[in-house]
Amino acid sequence: MATDTYLNAGRRAVIEEMQRDRAVWALGEDLGRGGVFGQYRDLQGMFGADRIADTPISEACIMGAAVGAAMTGTRPIVEMRFSDFALCAIDELVNQAAKARFMFGGQMRVPMVVREPIGMWRSSAAQHSQSLESWYTHIPGLVVVAPATPADNLGLLKSAIRNDDPVVYLEHKNLWGLEGELPDGEHLVPLGKADIARHGDAVTIVTWSGMRHACLRAAEALATAGIEAEVIDLRTLWPWDRETVFNSVRRTGRLLVVQEAVSVSGFGAEIAASVAEALHHELKAPIRRLGAPRIPVAYAPALEDRARVGDAAIIDAVRGLVAPCPAN
Amino acid sequence: MDNAHNLDRKRFGAVFALMHRIRAFEEAAIAAQKEGLVLGAIHPSIGQEAVAAGVCCNLQSADLLLSTHRGHGHTLAKGADPLAMMRELFGRAGGTCGGKGGSMHIADFGVGMLGANGVVGANIPIATGAAHGLKLQGSKQIVACIFGDGAINRGPFLEGLNWARVFDLPVLFVCEDNGFSATTRTRDMTAGAGAAARAQSLGIPAVEVDGNDVLAVDAATRTAIDDIRAGKGPVLLHCRTYRITGHTAVDPALYRPADEVEAQRGNCPIARLGAALAMAGMEPDALAATAQQAVEEMTAIAAKARDTDWPDPMAAFSDVQDMGDPRERAF
Ligand SMILES: Cc1ncc(C[n+]2csc(CCOP(=O)(O)OP(=O)(O)O)c2C)c(N)n1
């Protein structure tokens, strides 16, 4: 076990997979200088400019070229820099990468990983802060992954690179510096398996990505008041781990979904609706969702904070859920 | 066609047969659509066969091709099975894509045909990336990417061509210019001197040819591909042709004068090659027989496709992706 950052965990995953499989390569802007956040630091020196490829600022072509390169036997890692910029390549991802296998009758697959960091960090405003994971979970053909810890970033990115279908891999920008223990040796985290980050029996909190940490902080605060919350980090959003979530809600009878994204039409709605359909009669309280209001993320901290789900909101929501129902 | 007397009769006899087969395939498909057998839209390339034939007869079977919504000719020319193609148009089992794609998504990876595309210009970055992948793997194959004149006004055209030059990729870009972007004349919506000038501005050699003269398309393609195989990077070929039918088979194309279409019918690329072959000594009977055989082949294929089963409905759930249940919460 060594302690390292979320960023370095992703870097280690790329190194290990590129060493393991010559077909793996990465392409994106500025990768030769380490990439915009340093996730590819020194990798061009290790693997050469062919396999850590600098590209023009051509998001559509980065994504589209990866589709073509995946069809011809390579396994590209696409670096989109910010998930906001991946919107310049949405045809290439949604109409091409995600559809090709099905549309062409299963003649080939498109093994590619699209790394596109999401989320608010500091004063990055409306075009560098979004969490658009629900767009991708809506698209048949895509796997959607959102790691929250260094160990998961290592193990999930490695699994994503080995997956034979396109994976949208959403690291959270505010987590780059987060430290945690990284297992020695080969560490693979299976796609589609949630992590029960904290056990509890009073309420189930389902979350992913950066909000995992806010939920854990809130759960610790609630524990001091005797409320034990179970915190489930989905890790993979498609396919999401229904079994783990359902089993937990069956025990607690209460569900809170916490997401950083805009709440309206967010992925939390899918979790809430699925649980309501399947477990309505086992619920002790109405399901609650927490997410951002439907506003673009602002620049000034006082405004930016209006789009944040804070620890206090999570604590309040849990208290509301576990409060005895008013007698009618 | 000054050199008609020196024409390689064997080679161009085969090209002539291919052009007839493309024409006959599409005429059979149009007839079948009138009977309700072709389920979705089809975009015929009648009058444009010299581009498909002249380009693809210079590709080796291991080379790759990416095409457009108007891609039946390209696909046949790359060697796909016309029966599987017709089944695909009819939405039947045994179609090139098992009935999941239809005309606009025909692909046959077995013959290096990496897909038609329903999104104008989307094949350009994919072709560029296919060439990138080949180059990374040290392959000697090349990629041909055919797109319409309308596609040069989309961003991926710039991104793809720039990329192909930056990485010196083995890709032949072919602008199949039939004058129209759906119902709009492309020249009215295009600034500057067009595809070749745009390519040249990026340092990509570009050649303009009469796209209804298959001998010219063939010669220009051969030179371009020699350069590409020699490692000189991408080339763009701009082929000027004309779309005889409407944008789709059911578009009456009333936005253009009838005499313009009539004049273009007189410039038929198949007839022009036939004349050249006749001048080179091929018997009129042999030429007529080639045409007749193509019609018979495609008529029989359409009949056979009509007698083919529908796909197993459960195939709707296969090949979505390995992970997750595609039926999740749908019913
Ligand atoms: C991105 C995109 N925009 C619009 C369309 C609708 N559309 C289909 S074909 C076509 C015209 C394309 O013209 P061109 O590229 O010259 O090809 P042609 O149809 O002439 O073969 C249009 C606008 C589309 N399929 N994709």
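1. Asp319(B) sits in the segment after α11 (284-306) of chain B. This is a predicted model. Phi of Asp319(B) is near 60°, a positive value in a residue other than glycine. With a relative accessible area of 23%, Asp319(B) is partly exposed, because buried would require under 20%.

2. Ser123(A) also deserves a look. Its phi is near 40°, positive although the residue is not glycine. Ser123(A) belongs to the loop between β5 (113-115) and α6 (133-137) of chain A. Its relative accessibility is 28%, so Ser123(A) counts as partly exposed.

3. Which peptide bond is cis? The one from Trp238(A) to Pro239(A), with omega near -5°. Pro239(A) is placed in the loop between β12 (236-238) and α9 (242-252) of chain A. For context, most peptide bonds are trans, and most residues other than glycine have a negative phi.

4. Now the packing. The largest nonpolar core holds 85 residues. Those with the most contacts inside it are Leu234(A), Val245(A), Ile271(A), Phe147(B) and Leu236(B). Helix α3 (residues 59-71) of chain A gives the largest share, nine residues. Domain 1 (2-182) and domain 2 (195-322) of chain A both contribute residues, so this core lies between them.

5. What does Ile271(A) touch, leaving aside residues up to four places away in sequence? Its contacts are Val206(A), Leu234(A), Trp240(A), Val245(A), Leu255(A) and Val257(A). A second, separate core has 69 residues. Phe16(B), Val38(B), Leu172(B) and Val261(B) are among them.

Technical notes
Residues numbered from 1 in each chain as written. Chains lettered and ligands numbered in written order. Predicted model: local features only at pLDDT ≥ 70, side-chain atom pairs only at ≥ 80, totals over all residues. Heavy atoms only, no water. Helix = DSSP H or I, 4+ residues; strand = E, 2+ residues; numbered from the N terminus. Buried < 20%, exposed > 50% of the residue type's maximum accessible area, 1.4 Å probe, protein only. Core = buried A, V, L, I, M, F, W, Y, C linked by side-chain atoms within 4.5 Å. Domains from an automatic or database assignment. Contact = heavy atoms within 4.5 Å.
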